[in-house]
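Hi everyone, thanks for coming.

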Amino acid sequence: MPSSTLTLFNLCCNSIMETVVHKLPSFKLLNPTSSSSHYCSTTTTTTRNSKSFRVGSRRRSFSISASASAVREDNPALGSVSLGHITRPDFPILHQEVNGSRLVYLDNAATSQKPTAVLNALQNYYEAYNSNVHRGIHYLSAVGKDEYELARKKERLLSMHRTLERLFSLRMLLKPSICNSCDWLDCGSILLHQFHISSFNFSISITLWLLTNGTNGGHKAFVILTIAEHHSAIVPWQLVAQKTGAILKFVSLNQDEAPDVDKLRQMFSRKTKIVVVHHVSNTLEIVLWAHDVGAKVLVDACQSVPHMVVNVQSLNVDFLVASSHKMCGPTGVGFLYGKSELLSAMPPFLGGGEMISDVFLDHSTYAEPPSRFEAGTPAIGEAIGFGAAIDYLSRLGMQKIHDYEIELAKYLYESLLSVPNIHVYGPAPSENVDRAALCSFNVENIHPTDIATFLDQQFQHGVAIRSGHHCAQPLHRHLGVNASARASLHFYNTKEDVDDFIQALNDTVNFFNSFK
Ligand SMILES: Cc1ncc(COP(=O)(O)O)c(C=O)c1O
């Protein structure tokens, strides 16, 4: 994705934090056949914030900070060590052997790994202040609620650049009482959902509401999507179409195997009610075209928010969804951003505790957003862990993450092209095209699942990639294949990971070709 259409930021928020110096753990390379110079073992400066909660008569202290990889990165003693090398020590899961060799985790598009800061936040919640939120008046419940609501604010922050810089530099002051008095921090437009999928299904509610409130002159409403959407962005709209008679219109791919934005533009008409697209470089233009005909835009940012700066205000999107588990946070929680005026006008889509104002036997009145859309006990610990993940990413700086991943993406793409008989899907990286650090590919006459199995289990490689349709069957059908293999990277990956992957892939291809 070219970054030109996106507002970029670089957060640095260390000035108000207590700084301590301590030794980072040495990273032990588990694969004895690899060179230990690949990874760093060093002494440097890091930062830690402590927060204490009183539990009964005892006081418990714990760290709420992400490890300060950002600070380590700024240490000139580390020279040109990459972000991947610097952040790897923060991810305990990466330091293990799989099938007799170093784990090389390249399945980040499916889910990301979790840094120690997130693991600690989850453990701290359950150890120190587990309680239901919004229900009790006792101490634990109050702390739980404050931390939960703080997480909501962080989600909003990550997608709102203008407030981000101000807020993250104020992070230590972000006590809920202060936040509550910040009227510019409109948390009402962030819904925390127990499942990311709820956010998409919330879209059913959006459309039903649009259809019943919009004037469509007796015509059936159009919903525009691309054939490259994830199933979770397609299936809810099929349910909408069954219920309302709305017509789903799909945009295909252009010659570069990217969504054909020119064709998409031609599809707009006054009948268009909503456009559903994953976050592409042309999102800004799509929003303009949609708003021109009175349609709304829902952006699936699951694969962009974890890797780059996303600014809902400058994009002017109406709704945007993302998942915690792809952003180094826990599973089971995600968020939906919606413009406040839209959310306020919409009815609830789930019934249950906490989403009401008053309940009578024959009817109920509803709470204001976001509570209106958050029925039942939420995923409290997970939301708090999600907040810790956002802190961690913010300290690294989303722009730094993006820049490093663009470099990794190019390296991955070019390295893959050296493999015989390979087809890598999508446009090549160029001056105008920044690829995400992810490649879906097929190698002639070798099933992608065989490739994934061999990379994992054979030739002492321990490389984790994905194979299958990746929840994008319409896209695969369009490309004329049932499945593809996919290697997807995150900022804690390194070029050595790519080298190991390519070596494993070449070994696998040679093995299968030896039977020809
Ligand atoms: C673009 C996109 N949208 C939606 C999803 C679904 O997210 P979740 O796994 O949280 O349901 C994914 C997951 O792979 C995705 O890549």
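So, at what angle do α3 and α13 pack, and how far apart are their axes? Before the reply, a word on the model. It is predicted, so local features need pLDDT of at least 70 and side-chain atom pairs count only at pLDDT 80 or more, while totals for chains, interfaces and linings use all residues. Residues are numbered from 1 along each chain as its sequence is written.

Now the reply: α3 and α13 pack at about 150 degrees, with axes 8 Å apart. Axes here are lines fitted to C-alpha atoms, for helices over the stretch in contact, and angles run from 0 to 180 degrees between N-to-C directions. The two helices are therefore roughly antiparallel, a label for angles over 145 degrees.

Who meets whom? Contact means C-beta atoms, placed from the backbone, within 7 Å. From α3, the residues include Ala-117, Ala-121 and Tyr-125, and the α13 side includes Gly-381, Gly-385 and Ala-389.

Helix α3 covers residues 116-129; helices are DSSP runs of H or I, at least four residues, numbered from the N terminus. Among its buried residues are Ala-117, Asn-124 and Tyr-129, where buried means 20 or more other C-beta atoms within 10 Å of a residue's own.

Finally, 44% of the chain's 516 residues are buried.

Definitions and conventions. The expected span of a helix is 1.5 Å times one less than its number of residues. A residue is buried if 20 or more other C-beta atoms lie within 10 Å of its own, exposed if 12 or fewer, and partly exposed in between; C-beta atoms are placed from the backbone. Angles under 35 degrees count as roughly parallel, over 145 as roughly antiparallel, 65 to 115 as roughly perpendicular and the rest as oblique. Two residues are in contact if their C-beta atoms, placed from the backbone, lie within 7 Å.
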